[in-house]
Amino acid sequence: MDEMQGRPATVEARDADTAADQAGGTSRRGMLKCMVWAGAGVLWTVSGGVPHSRLLGTAAAATEGTFSFMQISDSHIGFANAPNMDTPGTLQEAVGLVNAQKSGASLLIHTGDVSQLSKDAQFDTADQIIRGARLDTHYVPGEHDVLVDDGAPFFARFTPKAPRGYYSFDQEGVHFIALNNVQDLKAGGLGNLGAEQLEWLAKDLQGRAASQPIIVFAHIPLWTVNEQWGWGTNDGTQALALLRPFGSVTVLNGHIHQVMQKVEGNCAFHTARSTAFPQPAPGTAPSPGPIKDLPAGQLRSTLGITKISRVQTASPLAIIDTPLGA
Amino acid sequence: MSPSRLVASLGLALLLASSAALAEDAAVSIDNFTFSPAEVTVAAGTRITWTNNDDIPHAVVDADNPKTTKSPPLDTGDSYSRVFDQPGTYHYFCSLHPHMQGTVVVR
């Protein structure tokens, strides 16, 4: 817990100064040095608060000639309780925000809990709304999405080429890895990848250049946010060990309905807000259930979307979280 | 039958009646991501009913046979019942939130 920043904040990894020094380097030597630098750390900026912050300006200035993509999470279509009686409505607003910010974005990822109860009508509502983003969208399941037939209806609709919900693809030089850590959970345990998926991951990474940026996305955090609330993945460390040789690794998760991040070596971890309802900071409530007693008009400031940019010439990644409303 | 034996028989009958009532029903409530009570001890033949009072779905899944012995997902207000005929100790958990655990002891 000590390493974790629970508040929306601006964070720069320890090699930020080095990054600034390298920012102008475009020669081959400079590029090579940049790769070395990328192996040492990541300049990583997160704005969890106001969209018009200095950071958003920084990101906007950096968007030219960069690769970027969007993330939404935890839409929980079917949930209709305090503090949100209209989860399709807030998902629609989130997709509207994606549309407003997506300039240049190559794709959209959804980090799970698309539905509340794995019902086909819930999947269909989410599917229709998210198609409105008009972006190539890649999904991973949340535990709420695999409650029927071992997740078959979710996989058929959202990961048709990956019947177990894990897969990888390359886009503009970045290797994306989608992991499923929400099935075959054990009593008393956390999220679970399982031996078969870890074996697949090892094969997927085999022979890959260590300089290729890796972006991993999965529903439950791969790092332990809070063991008592089940916010972590039992064999997450095994997956991270396989990723250790790579110079730039970014892990994007959902599940905990709040922005949290940390940087550990070459690996940056980030969780996204929900589009449905907020959950309490770990240990600050009797349970991880929804925060129900939000002051009137405050719901939208707790929901939001994420935009991730890989800056080609300077810092490799900028991650900007934007709430639906202040 | 002497009066004292009659009283004893009545007492036994009452005792049987009350254990019969015990053998019919027990309840476990799900609140704040917790099974309450976390451990119940019941007579063989007891029907246990779990009721989800949370705003988040939960499930009741046998820890030893998670694939076969499980409830459907329980939405807010939903209940699930299972009759325990065989003596033994049964550990269960929520497959969505596996840190939620409970035990049924059947005598």
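**Exercise 1. Helix α5 of chain A**

Which elements of chain A are included in what covers the buried residues of α5(A)?

*Solution.* The model is predicted.

Step 1. Take the geometry. Helix α5 of chain A runs over residues 120-131, which makes 12 residues. From first C-alpha to last it reaches 16 Å, close to the 16 Å expected at 1.5 Å a residue.

Step 2. List the buried residues. In α5(A) these are Gln122(A), Phe123(A), Thr125(A), Ala126(A), Ile129(A) and Ile130(A).

Step 3. Look down the axis of α5(A). The buried residues fall within an arc of 160°, so they line one face of the helix.

Step 4. Turn to the other side of α5(A). Asp120(A), Ala121(A), Gln128(A) and Arg131(A) are exposed there.

Step 5. Name the cover. For the buried residues of α5(A) it includes the helices α4 (87-101) and α6 (152-158) and the strands β3 (105-110) and β4 (137-139), which belong to chain A.

**Exercise 2. Strand β12 of chain A**

How many of the residues of β12(A) are buried, and which residues lie on each of its sides?

*Solution.* Step 1. Count. Strand β12 of chain A spans residues 318-323, and six of its six residues are buried.

Step 1. Assign the sides. Ala318(A), Ile320(A) and Thr322(A) are on one side of β12(A), while Ile319(A), Asp321(A) and Pro323(A) are on the other. Both faces of the strand are covered.

Step 2. Find a paired strand. Strand β11 of chain A, residues 304-310, is joined to β12(A) by six bridges, and the two run antiparallel. Within this pair of strands, Ile305(A) has Thr322(A) as its bridge partner in β12(A).

**Exercise 3. The sheets of chain B**

In what order do the strands of each open sheet of four strands in chain B stand, and which strands are at the edges?

Step 1. Follow β5(B) to its partner. Two bridges join β5(B) to β7 (residues 88-93) of chain B, and the strands run antiparallel. Asp62(B) has Tyr92(B) as its bridge partner in β7(B).

Step 2. Take the sheet with the order β2-β1-β4-β6 in chain B, also open, also of four strands and mixed in pairing. Here β2 (34-36) and β6 (79-84) of chain B are the edge strands, each with a single partner, so one side of each has no neighbour in the sheet. Neighbouring strands of this sheet are turned by 20° against each other on average, direction ignored.

Step 3. Follow β2(B). Three bridges join it to β1 (residues 25-31) of chain B, in an antiparallel arrangement. The bridge partner of Asp31(B) in β2(B) is Thr34(B).

**Exercise 4. Backbone features in loops**

Where in chain A are Pro83(A), Asp113(A) and Asp150(A) found, and where in chain B is Pro37(B)?

*Solution.* Step 1. The bond from Ala82(A) to Pro83(A) is cis, with omega near 10°, and Pro83(A) is in the loop between β2 (67-72) and α4 of chain A. The bond joining Ser36(B) and Pro37(B) is cis too, with omega about 0°; Pro37(B) lies in the loop between β2 and β3 of chain B.

Step 1. Asp113(A) has a phi of about 55° although it is not a glycine, and lies in the loop between β3 and α5 of chain A. Asp150(A) has a positive phi near 55° and is found in the loop between β4 and α6 of chain A.

Step 2. Decide on burial. Asp113(A) has 28 C-beta neighbours inside 10 Å and therefore counts as buried. Asp150(A) has 14 other C-beta atoms within 10 Å, so it is partly exposed.

**Exercise 5. The contact between the chains**

How many residues of chain B are in contact with chain A, and how do they divide by type?

*Solution.* Step 1. Count both sides: 18 residues of chain B are in contact with 19 residues of chain A.

Step 1. Sort the chain B side. Its residues divide into eight nonpolar, seven polar and three charged.

Notes:
Residues are numbered from 1 along each chain as its sequence is written. Chains are lettered from A and ligands numbered from 1 in the order in which they are written. This is a predicted model: local features need pLDDT of at least 70, side-chain atom pairs count only at pLDDT 80 or more; totals for chains, interfaces and linings use all residues. The expected span of a helix is 1.5 Å times one less than its number of residues. A residue is buried if 20 or more other C-beta atoms lie within 10 Å of its own, exposed if 12 or fewer, and partly exposed in between; C-beta atoms are placed from the backbone. The arc is that of the directions from the helix axis to the C-beta atoms. Two residues are in contact if their C-beta atoms, placed from the backbone, lie within 7 Å. Two strands pair if DSSP finds at least two bridges between them. Ala, Val, Leu, Ile, Met, Phe, Trp, Tyr, Cys and Pro count as nonpolar, Asp, Glu, Lys and Arg as charged, and the others, Gly among them, as polar. Axes are lines fitted to C-alpha atoms, for helices over the stretch in contact, and angles run from 0 to 180 degrees between N-to-C directions.
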